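Here is a friendly tour of the fold, meant to be read with the viewer open. Please have a look at the entry below before going on.

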Amino acid sequence: MRDLFDALGGFLRTFGALQLFFMRLLAESPRVLMRPGLVSRQVFNTGALSLVLIMVCGFFVGAVIGLQAYSNLARFGAEDQVGPFSALSLMKELGPVITALLFAGRAGTALASEIGLMRATDQLSAMEMMAVDPVIRVAVPRFLGGVISMPLLTAIFTCIGMLGAYVVGVPLMGLDGGAFWSELQQGVGKVDVYEGIIKGVVFGIAASLIAVWEGYNAVPTAEGVGRATTRTVVITAVVILIFDFMITAIAISQG
Amino acid sequence: MRWHPYALHVLIVVMNPENIVEIDDLHYSRGNRPIFTGLNLHIRRGEVTAIMGPSGTGKTTLLRLITGQLIPDRGRVRVDGQWLGELRRAGLYKLRRDIGMLFQNGALLTDLNVFENVAFPLREHYELPERLIRHIVLTKLHAVGLRGAAYMEPTELSGGMARRVALARAMATDPKILIYDEPFVGLDPISMGVIVRLVRRMNDALSISSIVVSHDVQEISSVADRSYLISEGKVAASGSPDELSNAPSELVRQFMHGMADGPVPFHFPAPDYASQLFSDASKKGRKNDA
């Protein structure tokens, strides 16, 4: 029982420290945005370098959705709904969630291990000794880079996914191209797009915060950096799925 | 009239006799393990001061306490006239602009090349024209003999070169204090000789105060004006390197002359050798030996 209380106390302490760290990142963000070079380099590192992975995965996820949609809807003679079905699945759920999971695996681990190694090799201490705040110079630009690139990657994943669904539905399964796009246009509203954008932004903040936090607080050893990297992926995956449920529930309750 | 650098250095020391670092009754523990238990230590302005001690005595921890990276449990640390406990983050960072630190592994920023590493503190703190930054960086690199390596990556440097670049970076903003954390560890004799000479030369040429943490007795004794030997959380002995070499204390003699056994025992505390070897516990696993 005592172990349980200790674990709960430890969790609450860490959660409190994480919130303070998040507030610090937000407070320092305007100052860092005044140095666009720092942020744009991180957008490149987290966003551009994840692009190929996101595009390939997006295409095949979209293709699978198109295939599933076609084979199931065809039984009810509703093949023309493949377009909106795929688009809504990708836009509202699979796009943001899978992008966030891929982001955690590719960019999140890179961020956590990079910052963790900087801690382990005294680079962060060296910055502190040069009167340079490592939160401002290292953590905030990487956090902002992730926050900016995640929604963009989500949008790209979704668009490429729709292309995958189109390739399966129209050239392979013989659906009419015009019907595919017109049904898609009629079936998808602004609210659906907003839901996808909100999820992309929220997941971007969560995934970037967790990666930067884990790296910044990594135990400065090889094992510690490895553990921080693993924790980044695991915690991000769980948090993303919880947030996904919460946002979806809120969106549905709002009608 | 032009002043010889050494004359200028002596003049500054004579005119400003205050200690650059003062540590009073310092207590610091890591977990339940006490590291310092009432340490008192004064470092004079303008001198090269060596802080020595066996491994694990907290020499690097002491440097982190002097630079405000760690907060003592009790006691006070004053650096260049300012009590660290009274400084907020901005004040501490302002003070650190006057302190250069050479880390044991160099701690070069791996995403920047040599030139940009040395330019880093200049770019972060001052809005200088690019041409001036270039002049300062090349001057500092020339002082450590690595002007030719300006555009190499940190991964291309040997251990000695990395430490010299780190020294150039530490000097970039012309600090009042240069702190060296184990600068001689893992260096070949040539690199070690270079660093030893640089410690003395930089101190005298730039009229600064140097604090060198090391357990390389011969090397540090050849350049230090004053040495402190730390053991069991306190200053065990202090004085000039010659005074320490001839000190009557068993501990000081053991350390200064590198004797394997003495007050610091060769063996880590353990149960009786024979009884441990032949006891049944050995069959049951290591846990029972303790």
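## Strands 6 and 7 of chain B

Strand 6 of chain B runs parallel to strand 7 of chain B, and four bridges join the two. Strands here are DSSP E runs of at least two residues and helices are H or I runs of at least four, numbered from the N terminus; two strands pair if DSSP finds at least two bridges between them. Within this pairing, Ile99(B) has Ile177(B) in strand 7 of chain B as its bridge partner. This is a predicted model, in which local features need pLDDT of at least 70 and side-chain atom pairs count only at pLDDT 80 or more, while totals for chains, interfaces and linings use all residues. Residues are numbered from 1 along each chain as its sequence is written, and chains are lettered from A and ligands numbered from 1 in the order in which they are written.

Which residues of strand 6 of chain B are buried on each side? Ile99(B) and Met101(B) are buried on one side, and Gly100(B) and Leu102(B) on the other, so that both faces are covered. (Buried means 20 or more other C-beta atoms within 10 Å of a residue's own, exposed 12 or fewer, and partly exposed in between, with C-beta atoms placed from the backbone.) In a regular strand, side chains alternate between the two faces of the sheet.

## The whole sheet

These strands belong to an open sheet of six strands in chain B, ordered 6-7-8-3-9-10 and mixed in its pairing. Strand 6 (99-102) and strand 10 of chain B are the edges, each pairing on one side only. On average, neighbouring strands of this sheet are turned by 15° against each other, ignoring direction. Such angles run from 0 to 180 degrees between N-to-C directions, using axes fitted to C-alpha atoms, for helices over the stretch in contact.

Strand 3 (residues 48-52) and strand 8 (residues 209-213) of chain B run parallel and share four bridges, with Thr49(B) partnered by Ile211(B). Helix 6 (residues 159-171) of chain B packs on the sheet, touching strand 6 and strand 7 (177-181), and its direction makes about 170° with that of strand 6 of chain B. Contact means that the C-beta atoms of two residues, placed from the backbone, lie within 7 Å.

## The hairpin

Strand 9 (residues 226-231) and strand 10 (residues 234-239) of chain B are antiparallel and paired over five bridges. Tyr228(B) stands opposite Ser238(B) there. Two residues lie between these strands in the hairpin, and Glu232(B) in the turn has a positive phi of about 50°.

Chain A has nine helices and zero strands. Of its 255 residues, 44% count as buried, and its C-alpha atoms fill a box of roughly 70 × 50 × 35 Å along the principal axes.

How do helix 8 (residues 190-216) and helix 9 (residues 222-253) of chain A pack, and at what angle? The angle is about 155° and the axes are 9 Å apart.

Finally, the contact between the chains takes ten residues from chain A and 15 residues from chain B.
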